[in-house]
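Subject: Structure for you, with notes

Hello,

Here is the structure for your files. My notes follow below it.

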Amino acid sequence: MNSMSTSTSKDGNLTANAHNISQNGSDPNSKLQDADSRKVELGKKVTLLRGISIIIGTIIGAGIFISPKGILKHSGSVGMSLMVWIACGVLSLFGALSYAELGTCIKKSGGHYTYIMEAFGPQMAFIRLWADLIAIRPAAMAVISLAFGQYILEPLFMPCDIPPMAVKLATAIGITSVMYLNSMSVTWTARIQILLTLCKLVAIAIIVVPGMYLLFKGETRNFENAFELSNVKLSGMPLAFYSGMYAYAGWFYLNFVTEEVDNAEKTLPLAICISMAIVTACYVLTNVAYFTVMSAEELLASEAVAVTFAERLLGNFSVAVPVFVALSCYGSMNGCLFALSRMYYVASREGQLPEVLSMIHVRRHTPLAAVLILYPMTMLQLFVGDIHSLLNFMSFMRWLFIGVVVLGLIYLRYTKPDLPRPFKVPLFIPVVFCLTCFFMVFMSLYSDPFNTGIGFAISLTGIPAYYIFIYFNNRPKWLQRAIDSFNRTLQIILEVVPADQ
């Protein structure tokens, strides 16, 4: 199975020397070392408050500022779009509770990948990992980063349109800086994430408070005939749900760092429930505030909904809103990368990715190679396709695999009934969530067959990849030597060593 790993023992001197460096390093950010300065490992540093800030900080990104348009367009009316927001919140809570059960009974980091590995074995887990690495994650990072690029330039170009290439260049700079931050220091990554989470909540408060004030003063004309059903089309509803579920996506990121959560049996379910309640309330109130100020037609015509809202209501102060939104997007980019690097780290530890990805930098104690692996793919996707087609293409595969993970929970209930489950959800919760995921996937074949077809084809390429890279050990000696050499060279360039056990 471990055919992609290198044998670093051939280069024993490198590893030994690197461990000496890691033990004698005096970097002030070496927070991951034990007090005796001998062990390089990831400690249990995620408390309840930090867990909540990771979830909220990753969920609230660009979704609430971009997605209202997608939901309104596909749902067809103001009232229906608010119902979709509430339904997506409840469904996301169902999914999150299912993941809380998985996270408390399978105490490994890695999220989706680890749970599919436990339930359905290494081949299915690799197909998920493969789709994640070459399509889902780069697309997700490109979507949120493009929103960052759009909003960060908004104050500079007001009231003109921003040239598309300028947005992409600003996005590329944003992605590069997030990669650099995650590569350099775990401590600073965490500190900046907390600060950015506060910025998100301030941005939402700037929208909700004046919107609610106007609503209570009697500004309700946009809510008249809110449930006009003449524009509602059944085929558009899955795409409305995609946009909504994308806005809530991120409730699963705490499961990517389970091994680092303090008292995971209690902390994980509690952090998930508190976070989902806060996020759902924020989202529904924000949308009510939007509709108080803008009609459905004005909202659909807007390129950046939050900015149009601020221009209407806040006058000159509206320049601050796109800056807060950009910081919110940056926080999501930072949180996603922090969590995802742990998934590639775990996959490498399981022998399904090159061994260098499960190594830690000798002085900075960051999983450097696992952080950098997404960079080239994200840059490639950034300069191809527009934000909404990327969103639909990515959502199809994401929900297909999340449906498979929750199906795995139901499967494990019957195949491993004796598995300790400190937190157990009623069976109807995973069943409803699983059926919803698969319903959306099948309906998307009808609504958007081209993007869905591309997503499905990319997932299926994981099957030959599994047999070529993982299953067959009898690889030509020249190829094995080349892979070993590549791993060792990368290890030397990046200054990384295997984590101490």
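Salt bridges link Glu 101, Arg 413 and Arg 421 in a network. A salt bridge here is a side-chain nitrogen of Lys or Arg within 4 Å of a carboxyl oxygen of Asp or Glu. This is a predicted model: local features need pLDDT of at least 70, side-chain atom pairs count only at pLDDT 80 or more, and totals for chains, interfaces and linings use all residues. Residues are numbered from 1 along each chain as its sequence is written, and side-chain values use heavy atoms, with hydrogens and water left out.

**Salt bridges**

The structure holds eleven salt bridges. One of them joins the side chains of Glu 101 and Arg 413, at 2.6 Å from N to O. Glu 101 is in helix 4 and Arg 413 in helix 16, so this pair ties together parts that are 312 residues apart in sequence. Helices (H or I, at least four residues) and strands (E, at least two) are DSSP runs, numbered from the N terminus.

Glu 101 counts as buried, at 1% relative accessibility. Arg 413 also counts as buried, at 14%. Buried means under 20% relative accessible area, exposed means over 50%, and partly exposed is in between (1.4 Å probe, protein chains only).

Arg 128 and Asp 132 form another salt bridge, with their closest N and O atoms 3.0 Å apart. They are four residues apart in helix 6 (residues 122-157), so about one helical turn separates them. An α-helix has 3.6 residues a turn, so residues three or four places apart point the same way. Both Arg 128 and Asp 132 are buried.

Arg 349 bridges to Glu 259, with the closest N and O atoms 2.8 Å apart. This pair links distant parts of the chain, 90 residues apart: Arg 349 is in helix 13 (residues 320-349), and Glu 259 is in the loop between helix 9 and helix 10. Arg 349 is partly exposed, with a relative accessible area of 40%. Glu 259 counts as partly exposed at 25%.

**Aromatic rings**

Rings of Phe, Tyr and Trp (its six-membered ring) pair if their centres lie within 6.5 Å; planes under 30 degrees apart count as stacked, over 60 as edge-to-face and the rest as tilted. The count comes to 19 aromatic pairs.

Take Tyr 99 and Phe 252: their ring centres are 6.5 Å apart and their planes are at 45°, so the pair is tilted. Tyr 99 lies in helix 4 (residues 78-105) and Phe 252 in the loop between helix 9 (237-248) and helix 10 (264-293), so the pair ties together parts that are 153 residues apart in sequence. Both Tyr 99 and Phe 252 are buried.

Phe 120 and Tyr 411 have ring centres 5.4 Å apart and planes at 25°, so this pair is stacked. Phe 120 is in helix 5 (residues 112-120) and Tyr 411 in helix 16 (residues 387-415), so the pair ties together parts 291 residues apart in sequence. Phe 120 is partly exposed, at 30% relative accessible area. Tyr 411 counts as partly exposed, at 41%.

Ring pairs also build a cluster of Tyr 99, Tyr 115, Trp 251, Phe 252, Tyr 253, Phe 256 and Phe 433.

**Charges over rings**

A charge sits over a ring if NZ of Lys or CZ of Arg is within 6 Å of the ring centre and within 35 degrees of the ring normal. The charged end of Arg 191 sits over the ring of Trp 188, 4.9 Å from its centre. Arg 342 lies over the face of Phe 338, at 4.4 Å from the ring centre.

Which residues of helix 20 are buried? They are Asp 484, Asn 487, Gln 491 and Leu 494.

Most residues other than glycine have a negative phi. Glu 495 is partly exposed, at 33% relative accessible area. Asn 263 has a positive phi near 50°. Asn 263 lies in the loop between helix 9 and helix 10.

Best wishes
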